[in-house]
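This report looks at one residue and its surroundings, and then at the chain as a whole. Please keep the sequence and the model in view while reading.

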Amino acid sequence: FEFEILLNQPSMERLVNPYAQNLKKLGINVSVRVIDTSQYINRFRSFDFDMLVHGIGQSMSPGNEQLDFWGSASADRKGGRNVFGIKDPAIDALIQLVIEAPNREELVIRTRALDRVLLHQYLIIPHFHTSSHRIAYWDKFGRPDIAPPYDGNHFATFMTWWVAPDKEQTLAKKKGRSKN
């Protein structure tokens, strides 16, 4: 048994190589191939790969985009987001239930049901996760103290910012340049 993991960034090899080494112990030969971004995009869009590293970003309120990720109608669409080629009427029905959820509580219940069915398909091998956003910046910005209630990961708080004159002045002094 052998397959290829397709990458477009050499930095991802540090995540994939240990996985490949562990599979080798089981008698599975994995080749890791790094190609340029243009080739990667073309192969991704035409489903010309065995395995790749890919993120599937989701919103706090899943909806009709789930048709693109998991729906049968998008399975053969070149350039589509159903990179797994899933064609399953049960999943299609669950997606429709998610889309038609009458309230937040039902949306959560229906989304969890869809998630359980998708997990049972063994389509994804999770290999890393971080619960934080990392960024470096000059400390001259102001941000709201509290995230909006709909934003569980405080990303909206991060995205709402402004230059705070007092912080900008302090930073300029620390750097040896007075800003008037």
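## A residue and its setting

N82 is buried, with a relative accessible area of 0%, where buried means under 20% relative accessible area with a 1.4 Å probe and protein chains only. The model is predicted, so that local features need pLDDT of at least 70 and side-chain atom pairs count only at pLDDT 80 or more, whereas totals for chains, interfaces and linings use all residues. Residues are numbered from 1 along each chain as its sequence is written, and side-chain values use heavy atoms, with hydrogens and water left out.

Once neighbours within four places in sequence are set aside, the contacts of N82 (heavy atoms within 4.5 Å) are with F47, D68, F69, W70, G71, S74 and A75.

| Pair | Distance |
|---|---|
| N82 C-alpha to L67 C-alpha | 8.4 Å |
| N82 side chain to G85 backbone nitrogen | 3.0 Å |

N82 and L67 are 15 residues apart in sequence.

Turning to the whole protein chain, its secondary structure comprises seven helices and five strands, which follow one another as β-α-β-α-β-α-α-α-β-α-β-α. Of its 180 residues, 28% are buried, and among contacts with a separation of 6 or more, 51% link residues 24 or more positions apart.

Key:
Buried means under 20% relative accessible area, exposed over 50%, partly exposed in between (1.4 Å probe, protein chains only). A polar contact is a pair of N or O atoms within 3.5 Å; within protein, one must be able to donate a hydrogen and the other to accept it, and residues adjacent in sequence count only if both atoms are side-chain atoms. Helices (H or I, at least four residues) and strands (E, at least two) are DSSP runs, numbered from the N terminus.
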